[in-house]
Amino acid sequence: MPEFDPEFRARLIELLTWRRDVRRFRRDPLPETLVAELFEITALAPSVGLSQPWRFVMVEDPARRAAIIANFERANEAALNAREGEDARRYARLKLAGLGEAPLHLAVFADRATAQGRGLGRLTMPQTIEYSAVLAIHTLWLAARAHGVGLGWVSILEPTGIAAILEVPAEWSFIGYLCLGYPEAADDIPALEREGWEHRQAWASFVIKR
């Protein structure tokens, strides 16, 4: 078993600190070898019953991308209209997706019907299939940042519309839409915090003793 020394642990914290939700990308394409390596690392993510239920759809077709962008714009407008006053003005100033610039688009699904894992751990908590796909996204996120690649998670979308655009099996559950590419700039402060939208809370805020 390898030993991870203090220097490694410090670097790990640095990686977590600099892992940002990127919205501004350069248009340079990512090398295919790099993309393959990132997927290999992602496959190391934990999953319930070793089911590996994540399904990544690489969206390359221009018409499908345009439909995804239209879906986002409708959802974003609805989210803006649900706000009022200064809250709405702040929301309108935020850049919430890099869909037009990012060279790589990935739609992530969880395959609820997968036979892999033989159902282990899912009888009482079937939602762990989706949790496993989220863990794969986080693994990809860290691996991408370690290779100088930015990732942005777009959640302002109508899930049923995305599944229809991409024509995926009905048993696939939509988890998220990812934009990947080289970031215009790196930052260790969340963009939403920089824009004054929200501030990260200290760990003690989330720990409850019983």
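This is a predicted model: local features need pLDDT of at least 70, side-chain atom pairs count only at pLDDT 80 or more; totals for chains, interfaces and linings use all residues.
Most residues other than glycine have a negative phi. Gln52 is partly exposed, because its relative accessible area of 26% lies between the 20% under which a residue counts as buried and the 50% over which a residue counts as exposed.

A positive phi, of about 55 degrees, is also found at Arg118, although Arg118 is not a glycine. Arg118 belongs to the loop between S2 and H5, and with a relative accessibility of 81% Arg118 counts as exposed.

## Packing of H2 against H5

Helix H2, which covers residues 32-42, packs with helix H5, which covers residues 128-146, at an angle of about 135 degrees, and the two axes are 8 Å apart. The crossing in which H2 passes H5 is right-handed.

On the H2 side, the residues that meet H5 are Leu38, Ile41 and Thr42, while H5 contributes Ala136, Thr139, Leu140, Ala143 and Ala144. Sorted by class, this contact of H2 with H5 has six nonpolar and two polar residues, and no charged residues.

When its neighbours within four places in sequence are left aside, Glu130 is in contact with Ala110, Arg112, Ser173 and Ile175.

Which residues are buried in helix H6? In this helix, which covers residues 159-166, they are Gly161, Ile162, Ile165 and Leu166. Seen down the axis of H6, these buried residues fall within an arc of 125 degrees, so they line one face of the helix. An α-helix has 3.6 residues a turn, so residues three or four places apart point the same way.

The exposed residues Thr160 and Ala164 are carried on the face of H6 that is turned away from its buried side. The elements that cover the buried residues of H6 include the strands S1 (54-58), S2 (104-111) and S4 (172-181), together with helix H3 (62-81).

Terms used:
Residues are numbered from 1 along each chain as its sequence is written. Side-chain values use heavy atoms; hydrogens and water are left out. Axes are lines fitted to C-alpha atoms, for helices over the stretch in contact, and angles run from 0 to 180 degrees between N-to-C directions. Helices (H or I, at least four residues) and strands (E, at least two) are DSSP runs, numbered from the N terminus. A crossing is left-handed if the near helix is turned anticlockwise from the far one by less than a right angle, and right-handed if clockwise. Contact means heavy atoms within 4.5 Å. Ala, Val, Leu, Ile, Met, Phe, Trp, Tyr, Cys and Pro count as nonpolar, Asp, Glu, Lys and Arg as charged, and the others, Gly among them, as polar. Buried means under 20% relative accessible area, exposed over 50%, partly exposed in between (1.4 Å probe, protein chains only). The arc is that of the directions from the helix axis to the C-beta atoms.
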